[in-house]
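Take a look at the protein below.

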Amino acid sequence: GYGVDQREAKDRQIEAIEIIMGALTTDGFTYKGKYHSVPYPITLRPKQVQKPHLRVALATGGTPDTLELAARLGLSFYVPYQGRNQFQKHKETYVAAARAAGRPESEIQRLVGEIAVMQTSHVSETNEQSYADAKPAVNWMAECVRSVNRPEDLDRWSPELQKLLRGQIERPDRGYEDYDGYWKAFLYGDTARVVERVQHLKDAGFNNII
């Protein structure tokens, strides 16, 4: 719609992050990239309190290239919950990439401690009430995601872009399509069940929940 080739998305994202982080940490910041440039020195004011910069995390489904990008740039990440074993793989990929980038162990441990998991939730007096009240909203969310992620003219896209997008929208891990499984996996139910789910996430290694 904007005349931008989706195959450029990752490189454009990297440049945008480099500009944001550079401006947050460098007075008189300039930048020259393939897609973006900051030709004249800029200095942001007022300064952020946090040093060296605001707490920043990349959103990811757990793809290795995004985890490696976050590690290289010294950023944390947040993911949807996909199970304890899957999260452990994400963390191992991230730590290995951070070490390969030459980041000190103390910084790596700090960044790992900032990893967060995304969860939707609905707490009610009873599990049955939570299940019934949340179902229309979760079904609506699934319907919205389907409608915006599947372009009506996809068959007219180039074969390369069709393959890219179909790989995204036809993934088998779209858990909200299965409401029963979705409700059980996330922070739904009465207070006792939700506390139990939070403890499960903590045991899996998450210190932060979004």
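Is Asp11 buried, partly exposed or exposed? Asp11 has a relative accessible area of 42%, so it is partly exposed. Buried would need under 20%, and exposed would need over 50%. Asp11 is found in helix α1. Asp11 and Tyr35 are 24 residues apart in sequence, and their C-alpha atoms are 8.5 Å apart in space.

## The whole protein

The model is predicted. The protein has 210 residues, of which 34% count as buried. It holds 8 helices and 8 strands. Along its principal axes, the C-alpha trace spans about 60 × 50 × 35 Å. Now consider contacts between residues at least 6 apart in sequence. Of these, 56% join residues at least 24 apart.

Two packed helices are described by the angle between their axes and the distance between the axes.

| Pair | Angle | Axis distance |
|---|---|---|
| α1 and α2 | roughly 20° | within 12 Å |
| α2 and α3 | roughly 45° | within 8 Å |
| α3 and α4 | about 150° | 10 Å |

Start with α1 and α2. Their axes cross at roughly 20°. Angles under 35 degrees count as roughly parallel, and α1 and α2 are therefore roughly parallel to each other. α1 passes α2 in a right-handed crossing. On the α1 side, the contact is made by Lys10, Gln13, Ile14, Ile17 and Glu18. On the α2 side, Asp65, Thr66, Leu69, Arg72 and Leu73 take part. By class, this contact of α1 with α2 has 4 nonpolar, 2 polar and 4 charged residues.

Next come α2 and α3. Helix α2 covers residues 64–73, and helix α3 covers residues 84–100. Their axes cross at roughly 45°, and α2 and α3 are therefore oblique to each other. The crossing of α2 and α3 is right-handed. From α2, the contact uses Pro64, Leu67, Glu68, Ala70 and Ala71. From α3, it uses His90, Thr93, Tyr94, Ala97 and Ala98. The contact of α2 with α3 has 7 nonpolar, 2 polar and 1 charged residues.

The last pair is α3 and α4. Helix α4 covers residues 105–113. The two helices pack at an angle of about 150°. That makes α3 roughly antiparallel to α4, because angles over 145 degrees count that way. The crossing of α3 and α4 is right-handed. Which residues meet here? Lys91, Tyr94, Val95, Ala98 and Arg99 in α3 meet Glu105, Ile108, Leu111 and Val112 in α4. The residues of this contact of α3 with α4 divide into 6 nonpolar, no polar and 3 charged.

## Single residues

Asp5 is found in the segment before α1, the helix of residues 9–25. Its relative accessible area is 26%, so Asp5 is partly exposed. A polar contact of 2.8 Å joins the side chains of Asp5 and Arg7. Where does Leu161 lie relative to Asp5? Asp5 and Leu161 are 156 residues apart in sequence, and 8.8 Å apart in space, C-alpha to C-alpha.

Now turn to Pro46. It has its place in the loop between β2 (37–42) and β3 (57–59). A cis peptide bond joins Arg45 and Pro46, with omega at about 0°.

Glu125 lies in the loop between β6 (121–123) and α5. Is Glu125 buried or exposed? With 72% relative accessibility, Glu125 counts as exposed. Glu125 and Gly28 are 97 residues apart along the chain, and their C-alpha atoms are separated by 55 Å.

Trp140 is found in helix α5, residues 127–149. Its relative accessibility is 58%, so Trp140 counts as exposed. Trp140 and Ala71 are 69 residues apart along the chain, and 35 Å separates their C-alpha atoms.

Notes:
Residues are numbered from 1 along each chain as its sequence is written. This is a predicted model: local features need pLDDT of at least 70, side-chain atom pairs count only at pLDDT 80 or more; totals for chains, interfaces and linings use all residues. Side-chain values use heavy atoms; hydrogens and water are left out. Axes are lines fitted to C-alpha atoms, for helices over the stretch in contact, and angles run from 0 to 180 degrees between N-to-C directions. Helices (H or I, at least four residues) and strands (E, at least two) are DSSP runs, numbered from the N terminus. Angles under 35 degrees count as roughly parallel, over 145 as roughly antiparallel, 65 to 115 as roughly perpendicular and the rest as oblique. A crossing is left-handed if the near helix is turned anticlockwise from the far one by less than a right angle, and right-handed if clockwise. Contact means heavy atoms within 4.5 Å. Ala, Val, Leu, Ile, Met, Phe, Trp, Tyr, Cys and Pro count as nonpolar, Asp, Glu, Lys and Arg as charged, and the others, Gly among them, as polar. Buried means under 20% relative accessible area, exposed over 50%, partly exposed in between (1.4 Å probe, protein chains only). A polar contact is a pair of N or O atoms within 3.5 Å; within protein, one must be able to donate a hydrogen and the other to accept it, and residues adjacent in sequence count only if both atoms are side-chain atoms.
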